[in-house]
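Trainee: I have a new structure to look at and would like to learn how to read it. Could you walk me through it?

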Amino acid sequence: MTRQAGGIEYQYQPKAVKNLNLRITAQGQVRVSGPRGLSPARADAFVASRAVWICQARQRALERARQDALPPPDPRQALALFGQVSEEIFPLFAPVLGGQRPRLQVRDMKTRWGSCSPARRQITLNLRLASKPRPLVEYVVLHEYCHFVHPNHQAGFWALMERLMPDCKARRRALRQTEAEK
């Protein structure tokens with residue numbers, strides 16, 4: 001059933017669940033599900049209390065849909081760019097990697113900019129990263145290289161990032177800003 005609360009139009013569906021659940025579809029529609037027998041006023045209050053977040057999430061979903069509609073960068077060009085950046089960063093990690101360069105792979109990923117598989121000595125980078133400014137590409141490539149030393153995101157990982165890229169926090173914020181615009 002279609003309802004409205006806090007200036008937000010949403011679809012409510014009673015289900016066999018314990019909690020209220022809120023989802024924003026890729027098209028920016030708001031879907032709420034909740035326990036059977038829940039009063040409509042309670043669902044409305046739930047949606048109204050999250051109106052600001054819902055508006056922001058809708059904007060992100062619509063922008064992501066717009067970005068996804070754009071053709072992705074050419075994979076060969078993306079790999080060439082990532083290879084250049086990797087060549088600049090590799091010397092910092094050559095001793096850790098026994099002088100062997102990691103294999104670079106490019107994929108069109110939805111939820112991350114890159115991943116590292118130390119056991120396979122492989123870095124996978126998001127194809128769409130190639131359309132970002134070079135400092136952000138450098139940040140992601142260095143981030144993945146740091147996983148050869150620290151496979152997690154604990155203090156040692158971030159200390160290494162900051163030592164090798166003193167402005168890494170600013171670059172990370174800039175990358176997250178581009179995600180919010182996605």
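**Cores, helices and buried residues**

Mentor: Let's begin with the largest nonpolar core, which has 31 residues; Phe-82, Phe-93 and Tyr-145 are those with the most contacts inside it. A nonpolar core is a set of buried Ala, Val, Leu, Ile, Met, Phe, Trp, Tyr and Cys residues joined through side-chain atoms within 4.5 Å. Buried means under 20% relative accessible area, exposed over 50%, and partly exposed in between (1.4 Å probe, protein chains only).

Mentor: Keep in mind that this is a predicted model: local features need pLDDT of at least 70 and side-chain atom pairs count only at pLDDT 80 or more, while totals for chains, interfaces and linings use all residues. Residues are numbered from 1 along each chain as its sequence is written, and side-chain values use heavy atoms, leaving out hydrogens and water.

Trainee: What does Tyr-145 touch?

Mentor: Contact means heavy atoms within 4.5 Å. Not counting residues up to four places away in sequence, Tyr-145 touches Ser-86, Ile-89, Phe-90, Phe-93, Leu-97, Pro-102 and Ile-123.

Trainee: At what angle do the axes of H3 and H4 cross?

Mentor: Axes are lines fitted to C-alpha atoms, for helices over the stretch in contact, and angles run from 0 to 180 degrees between N-to-C directions. The axes of H3 (residues 75–93) and H4 (residues 134–146) come within 10 Å and cross at roughly 45°. Angles under 35 degrees count as roughly parallel, over 145 as roughly antiparallel, 65 to 115 as roughly perpendicular and the rest as oblique. H3 and H4 are therefore oblique to each other.

Trainee: Is Asn-126 buried or exposed?

Mentor: Asn-126, found in strand E7, is buried, with a relative accessible area of 0%. Leaving aside neighbours within four places in sequence, Asn-126 is in contact with Phe-82, Arg-107, Asp-108, Met-109, Arg-112 and Trp-113.

Trainee: And where does Asp-44 lie?

Mentor: Asp-44 lies in helix H1 (residues 40–49). Asp-44 is buried, with a relative accessible area of 16%. Not counting residues up to four places away in sequence, Asp-44 touches Arg-3, Gln-4, Ala-5 and Tyr-10.

Terms used
Helices (H or I, at least four residues) and strands (E, at least two) are DSSP runs, numbered from the N terminus.
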